[in-house]
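The entries follow in the order in which I looked things up.

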Amino acid sequence: MLLLENEMAHSIHANVTASVTELKRNPMGTMAAGNGAAVAILNRNEPAFYCVPAGEYEAMLNLIEDAELNAIADARTRSPEIAVSLDDL
């Protein structure tokens, strides 16, 4: 790949792309083209942002929350055990 001085290579993390102009012209049609997955929106042939359907966004948030909870659980498994009795509580 030949890159000009000010040009950068970009990874696009979506199977479908659309221009900002296409998104403005038909936002729901642009999202529908992604078939339930994210659509990369390009500005001057560079990825500007991703349009993510609500269901996919919720799934991403759930994965992030699960990862955070796993990190807390992992940290707690390395903490020392403290013996207590029910009477002490």
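**Notebook: strands, turn and surface**

I began with alanine 54, which I found exposed at a relative accessible area of 54%; here buried means under 20% relative accessible area, exposed over 50%, and partly exposed in between, with a 1.4 Å probe and protein chains only. Alanine 54 has its place in helix H3, where helices (H or I, at least four residues) and strands (E, at least two) are DSSP runs numbered from the N terminus. From C-alpha to C-alpha, alanine 54 lies 9.9 Å from alanine 38, and the two are 16 residues apart in sequence.

I noted for the record that this is a predicted model, in which local features need pLDDT of at least 70 and side-chain atom pairs count only at pLDDT 80 or more, while totals for chains, interfaces and linings use all residues. Residues are numbered from 1 along each chain as its sequence is written, and side-chain values use heavy atoms, with hydrogens and water left out.

**Strand pairing**

I then turned to the strands and found that S1 and S2 pair in the parallel sense over four bridges; two strands pair if DSSP finds at least two bridges between them. Serine 19 has leucine 42 in S2 as its bridge partner. Strand S2 (residues 39-43) and strand S3 (residues 46-51) run antiparallel and are joined by five bridges. Among these pairings I looked up isoleucine 41, whose partner in S3 is phenylalanine 49, and asparagine 43, whose partner in S3 is glutamate 46. I also recorded that S2 is mostly covered, since four of its five residues are buried.

**The turn**

Which strands form a hairpin with two residues between them? S2 and S3 do, and arginine 44 sits in the turn with a positive phi of about 55°. Asparagine 45, also placed in the loop between S2 and S3, has a positive phi of about 65° although it is not a glycine. I kept both angles in the notes because most residues other than glycine have a negative phi. For accessibility I wrote down 79% for arginine 44, which counts as exposed, and 70% for asparagine 45, which counts as exposed too.

Not counting residues up to four places away in sequence, threonine 17 touches Ile12, Val39, Ala40 and Leu42, contact meaning heavy atoms within 4.5 Å. Leaving aside its neighbours within four places in sequence, alanine 18 is in contact with Thr30, Val39, Ala40, Ile41 and Leu42. Alanine 18 also belongs to the largest nonpolar core, where Leu23, Met31, Val39, Ile41 and Cys51 complete the six residues; such a core is a set of buried Ala, Val, Leu, Ile, Met, Phe, Trp, Tyr and Cys residues joined through side-chain atoms within 4.5 Å.

**Surface patch**

Last, I looked at tyrosine 57, found in helix H3 (residues 54-77) and partly exposed, with a relative accessible area of 45%. Tyr57, Met60, Leu61 and Ile64 make a nonpolar surface patch of about 370 Å²; patch residues have over 30% relative accessible area and no salt bridge, with nonpolar side chains (Val, Leu, Ile, Met, Phe, Trp, Tyr) joined within 5 Å and like charges within 9 Å. A salt bridge is a side-chain nitrogen of Lys or Arg within 4 Å of a carboxyl oxygen of Asp or Glu, and accessible areas come from the Shrake-Rupley method.

Terms used: Accessible areas come from the Shrake-Rupley method with a 1.4 Å probe; for residues, only the protein chains shown count as cover.
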